[in-house]
Amino acid sequence: MPTLMVIVASTRQARIGRTVADWVVATAHQRGDVEIDVADLQELDLPFFDEAHPPMMGKYELPHTLAWAERVAAADAFLIVSPEYNGSFPGSLKNALDFLKAEWKGKLAGIVGYGAYPESRMIGQLGFVLGNLGLERTSIDLQVETPWSLLAEDGALVATPELAAELQTMLDELSLREDERVAA
Ligand SMILES: Cc1cc2nc3c(=O)[nH]c(=O)nc-3n(C[C@H](O)[C@H](O)[C@H](O)COP(=O)(O)O)c2cc1C
């Protein structure tokens, strides 16, 4: 089974990002067609990028980089759950992306953005960076508008039917093995 890494970009206390990611992860679990590795950047707690060599040289030296590289290398695809901060994506996510290079290249990535508005400015910017890293993109991205308005009494996110369908479409693509993706 392919491994899907779900990256939780917000590292803020009391963030809603983990709730959005929990919805994504629960949906993926229900499908049962991917192994899931949740890379919560709050838990990962990477320092600001501090390697001596540029990542494109592949000469990682520090233990936190080696551990992050091993984890990302083991993933077949990525689903990035990210808020919009000041019109872009959080620095925590840029930092985690900048640490590595070859481990991202050629793999498929989908973006689940969220924020106060129906239109995301963040997704375009993140897409540009993912393109620089050589990541392929899913055919759609998701924008969860005001996720705090979608919470049930138990605090879980209850998606609209439209969002739920879009997530299934994204997971259909992210759950394909590379050879299946090339053939599709
Ligand atoms: C530093 C900062 C900047 C923000 N800028 C935006 C923005 O540009 N667009 C937007 O829709 N919401 C913006 N918001 C509101 C966020 O959508 C909202 O706080 C959301 O809960 C952030 O995600 P998080 O709780 O997972 O960190 C901003 C919030 C913060 C903390």
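Of the 184 residues in the protein chain, 33% are buried, a residue being buried if 20 or more other C-beta atoms, placed from the backbone, lie within 10 Å of its own. This is a predicted model, in which local features need pLDDT of at least 70 and side-chain atom pairs count only at pLDDT 80 or more, while totals for chains, interfaces and linings use all residues. Residues are numbered from 1 along each chain as its sequence is written.

The protein chain holds seven helices and six strands, where helices (H or I, at least four residues) and strands (E, at least two) are DSSP runs numbered from the N terminus. In order from the N terminus, these elements read β-α-β-α-α-β-α-β-α-β-β-α-α. Along its principal axes, the C-alpha trace of the protein chain spans about 45 × 40 × 25 Å.

Strand 1 (residues 3-8) has five of its six residues buried, so it is largely enclosed by the rest of the structure. Strand 1 runs parallel to strand 2 (residues 35-40), to which six bridges join it; two strands pair if DSSP finds at least two bridges between them. Within this pairing, Ile 7 stands opposite Ala 39 of strand 2. Strand 1 also pairs in the parallel sense with strand 3 (residues 77-83), over five bridges, and here the bridge partner of Val 6 is Leu 79 in strand 3.

Around the ligand there are 13 residues, the closest being Ser 10, Arg 15, Gly 17, Pro 83 and Gly 115, and a residue counts as near a molecule if its C-beta atom, placed from the backbone, lies within 6 Å of it.

Methods: A residue is buried if 20 or more other C-beta atoms lie within 10 Å of its own, exposed if 12 or fewer, and partly exposed in between; C-beta atoms are placed from the backbone.
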